Amino acid sequence: MAAKTLYDKIWDAHLVAEQDGETIIYIDLHLIHEVTTPQAFAGLRANGRPVRRPDRTLAVADHNVPTEGQALGAAAVADEEARLQLLTLERNVADNGIEYFPMGDLRNGIVHVVGPEQGRTQPGMTIVCGDSHTSTHGAFGALAQGIGTSEVEHVLATQTLRQAKSKNMRVTINGTPAPGVGAKDFALAVIGAIGTAGGTGHVIEYAGEAVRALSMEGRMTLCNLTIEAGARAGLVAPDETTFDYMRGRPAAPKGAAWDMAVAHWKSFFTDEGAVFNSEIVIDAATIAPLVTWGTSPEDVMPITGRVPDPASFATPDKRASAARALDYMGLVAGQPITEARVDRVFIGSCTNSRIEDLRAAAAVVQKAFLEGRLVAPHVTAMVVPGSGLVKAQAEDEGLDAIFKAAGFDWREPGCSMCLGMNPDRLAPGERCASTSNRNFEGRQGRGGRTHLLSPAMAAAAAIAGHLADVRDFI
Amino acid sequence: MKPFTRIDAKAAPLALSNIDTDQIIPKQFLKTVEREGLARGLFYDFRFDEAGNEKADFVLNQPAYKDAGVLVAGDNFGCGSSREHAPWALLDFGITCVISTSFADIFYNNCFQNGLLPVVLKADEVESLMAQARGGNHVVSVDLEAQTVTAPDGEVYRFEIDPARKHKMLNGLDAIGETLQRAADIDVYEGRRALDNPWLERA
């Protein structure tokens, strides 16, 4: 039998039928939220179609929820349009018998934090959600992809997706990273190396000892950012780290079923000799703490570097884009990036809002605090935990006390300032050190200037008042 | 879905790479429960200043392109967020075809769900179309059946497209309706999964 990749195995295990030259694949888990589903449910209603598998569907409220006052519920949300969307979701899940964690429920939070946390995300599954960062769940060895609203409707109605198979790409990260360098830096290094369209048409499997050494939180960060490299899905083969994370979670199998499931999950790995359409190899030891300088996630540079000169880029298109980006970002070619003074710091998002992310940031803040340093006076810094459960755990560990003592705002869970659909957003010209995933023009607020970096680097920037090398803080 | 067969329309040049879906339609327009009426938000930050006034220099605000039906854009069009509001906004504005050298996967896929035709041409072909779109005669013909784009100068460019997608687009087929015809296959699959992976069946 021909050697198969991890992606090939998951794909083959989900084939339902071929029809008119397209493949129909089965979807094991469908995650939904308030922003990309109202039109899908309206479509079902208009055609008199039921939801085929409400039990394989899970709903949360995350994209436009405010990060305070959540206990008051959706009806109390001040923004009229956001309120209507949230109430529409509540009606749709009630009408269709779909499990839902409403705003204010301890289990609610960002959809890509909640799925894994609840044990709903499992190895070997196919997972979809009307959100591009669904790639996150690939950390468990699940084929997880973002889809549009028409496909959300298709999955609700049929529990399947019509799709053509992608190509296989493998990114191997060998070696041991330096202190202060982690999953976020790995991901930014990959995007910087292959570009935002480098993974288009591919599923990326991450391998190598540096990936194996990552926690599940780190693997989720890495897979999350796969879409920023153009690939719809990222994958890490499941191993003991995966099973240790999953054991005992509410929706994880129990007892004899657990053993049967683990045996099944262990079959999801790339066979020796399987062929990838393309391969990238990176040495973790060569990666410095990274930041973005421009308005595309591929605009990465080491924190020790200087802002690049647009003239140094290869093509006229790239030169024009770089010049436009520097103008938008208010940066000058040749200036050390550590001179970039920040107004805001955002620690949160589906990329970096899990307990390990908050611990890494809190460790930097605590050390600085003990040396008498607080958040710089001109900086407004906020921490938005990924879920109610992450928030509760952080509070149990005293992390909230550290953040608050140093001057951070400690908020309630949600997508928040990653995309600024709720009231948390940048004002024009404001510069933000952000642990999120997109530095696009206007992403965090019209005219806002976003620098992507790791949670520890964001904490260092908050204390320093400008982009700073986390290695000076640990 | 409205079928796409053939159009003759004005082409607007947008010579930027990596145009992301946040730029195509910013966040504040996603708080709707409708598919219609999104033209207002299309390229909002490009089209309007902070006070909400039209920016005269943006291509779709210029009289020659206000009724454009085709957009010629730089590489990797539609990257970023999966929001289907992006094709909805383009269609609502009147744009039914986007031509580029490459598209991001999710956006590309979303186009086919809505009858918006994404056409991939070679770099020199896109460059030539871009230059002609800037000129006085900027009407192009796009023929899906023939898989061709005819430039204003009469040059004909052929494009590739997946036959299954082409068929659905030409006929405006409802993908859900098609798949539901295979409901028996889905039943069989589910039955087998329930036996093989019983832990997936939640009580």
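**Ground rules**

Residues count from 1 along each chain as its sequence is written, and chains are lettered from A, with ligands numbered from 1, in the order in which they are written. Since I'm on a predicted model, local features need pLDDT of at least 70 and side-chain atom pairs count only at pLDDT 80 or more, while totals for chains, interfaces and linings use all residues.

**Chain B, overview**

I started with the secondary structure of chain B, which comes to 8 helices and 7 strands. Helices (H or I, at least four residues) and strands (E, at least two) are DSSP runs, numbered from the N terminus. The C-alpha trace of chain B spans about 65 × 45 × 25 Å along its principal axes. I then looked up burial: 47% of the 203 residues of chain B count as buried. Buried takes 20 or more other C-beta atoms within 10 Å of a residue's own, exposed takes 12 or fewer, partly exposed is in between, and the C-beta atoms are placed from the backbone.

Chain B is split into domain 1 (6–172) and domain 2 (173–203); such bounds come from an automatic or database domain assignment. I get 36 Å between the centres of these two domains, taken over C-alpha atoms.

Strand 1 (residues 6–14) of chain B runs parallel to strand 2 over 4 bridges, with B:Leu14 partnered by B:Ala73. DSSP has to find at least two bridges between two strands for them to pair. Strand 2 also pairs with strand 3 of chain B, again in the parallel sense, over 3 bridges; there B:Val70 has B:Cys97 as its bridge partner. From strand 2 the chain goes through helix 3 of chain B to strand 3, a right-handed β-α-β crossover. Right-handed here is clockwise from the first strand over the helix to the second, with the strands pointing away from the viewer.

Which way do the side chains of strand 2 (residues 70–73) of chain B point? B:Val70 and B:Val72 go one way and B:Leu71 and B:Ala73 the other, and all are buried.

**Helices 3 and 4 of chain B**

Helix 3 (residues 85–93) of chain B has 8 of its 9 residues buried, so it is largely enclosed by the rest of the structure. Among the buried ones I noted B:Trp88, B:Leu90 and B:Phe93. The cover includes helix 1 (21–24), strand 3 (97–100) and helix 4 (105–112) of chain B. After helix 3 comes B:Gly94, with a positive phi near 115°.

Helix 4 of chain B is largely enclosed too, because 8 of its 8 residues are buried.

**Where A meets B**

The contact takes 50 residues from chain B and 62 residues from chain A. A contact is two residues whose C-beta atoms, placed from the backbone, lie within 7 Å. Helix 7 of chain B gives the most to the chain B side, with 5 residues.

**The largest nonpolar core**

Which of its 207 residues touch the most other members? They are A:Val345, A:Ala460, A:Ala461 and B:Val72. Helix 15 (residues 455–464) of chain A brings the largest share, 9 residues. Such a core is a set of buried Ala, Val, Leu, Ile, Met, Phe, Trp, Tyr and Cys residues joined through C-beta atoms within 7 Å. Leaving aside neighbours within four places in sequence, the contacts of A:Val345 include A:Val379, A:Cys432 and A:Ala461.

**Two stops in chain A**

Strand 9 (residues 167–174) and strand 10 (residues 202–207) of chain A pair in the parallel sense over 6 bridges, and A:Thr172 has A:Ala207 as its bridge partner.

Is A:Gln444 buried or exposed? It counts as buried because it has 27 C-beta neighbours inside 10 Å. A:Gln444 lies in the loop between strand 18 (431–434) and strand 19 (449–452) of chain A.
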